[in-house]
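Hi,

Here is the structure I promised to pass on.

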Amino acid sequence: MTILVLSLPRYLRKLNAPRFGATTLLAALFLNTLGLSAHAAPTSCPANFYDGQAPDLVNAKLATHTYSLCFSEFAVLDSGLTRTPLYSADHLTAERIALARRQRRVDAADTFHEETRLPAQDRAVLSDYARSGYDRGHMSPNGDMSSASAQGESFTLANMVPQNPNNNRHLWEGVEATTRTLASRYGDVYVVTVPIFAAAQTRWLHNRVAIPARLAKAVFVPALRGAAVYLTDNAPGMKWQTISVAQLRDLSGIDVFPALPESVKEAAIKLPEPKPFSQSYERRSYSGENEGEHYSNALLYHSFKLLMR
């Protein structure tokens with residue numbers, strides 16, 4: 001299995017001195033999000049990406065200190081700075097979802113594990129999440145996995161972000177279940193899930209693992225020749241919105257489907273209403289406690305506006 005490693009450039013290594021916090025370094029990476037050349041990471045698992053092309057990092061600074069990891073049914077690009085994925089990706093087919101629905105869901109409490117293929121200093125550890133008030137939230141969900149081994153792989157911390165428990169167990173579960181329904185209905189969908197950080201305003205678990213402000217799940221439906229993105233705050237409640245792939249690119253600095261024409265990226269198709277757990281027959285195991293932090297659209301905009309001065 002190939003792991004792509006990109007080291008921090010010299011000017012960022014200087015920022016990583018003890019007198020600078022992790023927030024300072026993350027803010028530096030988000031400076032001038034727009035107008036930077038795209039960086040397309042090579043991948044050894046092209047089947048997870050539409051047309052075999054991994055997402056482009058439009059903000060090329062995001063590519064520093066990253067690791068491209070392939071698993072049997074999904075892929076992630078992990079950041080040694082945030083100690084989370086910058087995205088996860090998988091190709092859901094109707095056949096795979098039928099198999100996944102027949103799988104017995106594994107016991108989550110015994111399955112979360114550290115990703116030992118990542119350097120120790122750049123990976124999350126189980127203690128990072130302990131008594132944090134946040135769930136270990138899957139980016140590529142357990143419910144998408146069609147075998148016991150694939151399920152086990154999905155519980156790597158390389159596939160996790162700190163997620164508000166209410167969001168994880170209700171609205172986001174509904175987003176995941178509805179995405180599976182789209183795959184069953186139309187034959188297949190390509191999915192890229194992206195945590196969106198608030199740059200200088202980002203909160204951290206133990207000053208080690210970055211907490212995303214928002215979560216986005218981008219879906220391309222080949223049968224419709226259309227795409228759109230579910231977007232939620234990483235916070236309690238049932239509020240969500242649909243945005244285009246182009247809008248997600250502007251928010252996150254990541255072009256999730258680089259092979260699509262710009263016209264498809266700019267026009268968001270209508271996505272079904274997410275059905276939360278109480279309205280869905282999907283089973284899922286959970287882990288977490290308490291409530292997380294809320295970040296509004298205004299806070300994200302203000303943060304990036306300050307950084308781009």
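**Aromatic rings**

Tyr50, Tyr190, Phe220 and Phe257 are joined into a cluster by ring pairs. Bear in mind that this is a predicted model. Searching the whole structure turns up 7 aromatic pairs. One of them is Phe112 with Phe155, an edge-to-face pair with 5.0 Å centre to centre and 80° between the planes. That pair ties together distant parts of the chain, 43 residues apart: Phe112 sits in the loop between α3 (94-102) and α4, and Phe155 in the loop between α5 (148-154) and β8 (160-163). Phe112 is buried at 10% relative accessible area, and Phe155 is buried too, at 1%.

**Helix α7**

Which residues of α7 (residues 245-252) are buried? They are Val245, Ala246, Leu248, Arg249 and Ser252. Their arc around the axis is only 160°, so they are on the same side of α7. After α7 comes Gly253, with a positive phi near 80°.

**Positive phi without glycine**

Two loop residues are worth a look here. Asp51, not a glycine, has a positive phi of about 60°; it lies in the loop between β2 (39-40) and β3 (56-57) and is exposed, at 54% relative accessibility. Arg131 is not a glycine either, and its phi is positive at about 50°. Arg131 belongs to the loop between α4 (126-129) and β7 (135-138) and is exposed, with a relative accessible area of 74%.

Cheers

Technical notes. Residues numbered from 1 in each chain as written. Predicted model: local features only at pLDDT ≥ 70, side-chain atom pairs only at ≥ 80, totals over all residues. Heavy atoms only, no water. Helix = DSSP H or I, 4+ residues; strand = E, 2+ residues; numbered from the N terminus. Buried < 20%, exposed > 50% of the residue type's maximum accessible area, 1.4 Å probe, protein only. Arc of directions from axis to C-beta. Phe/Tyr/Trp six-rings, centres within 6.5 Å; stacked < 30°, edge-to-face > 60°.
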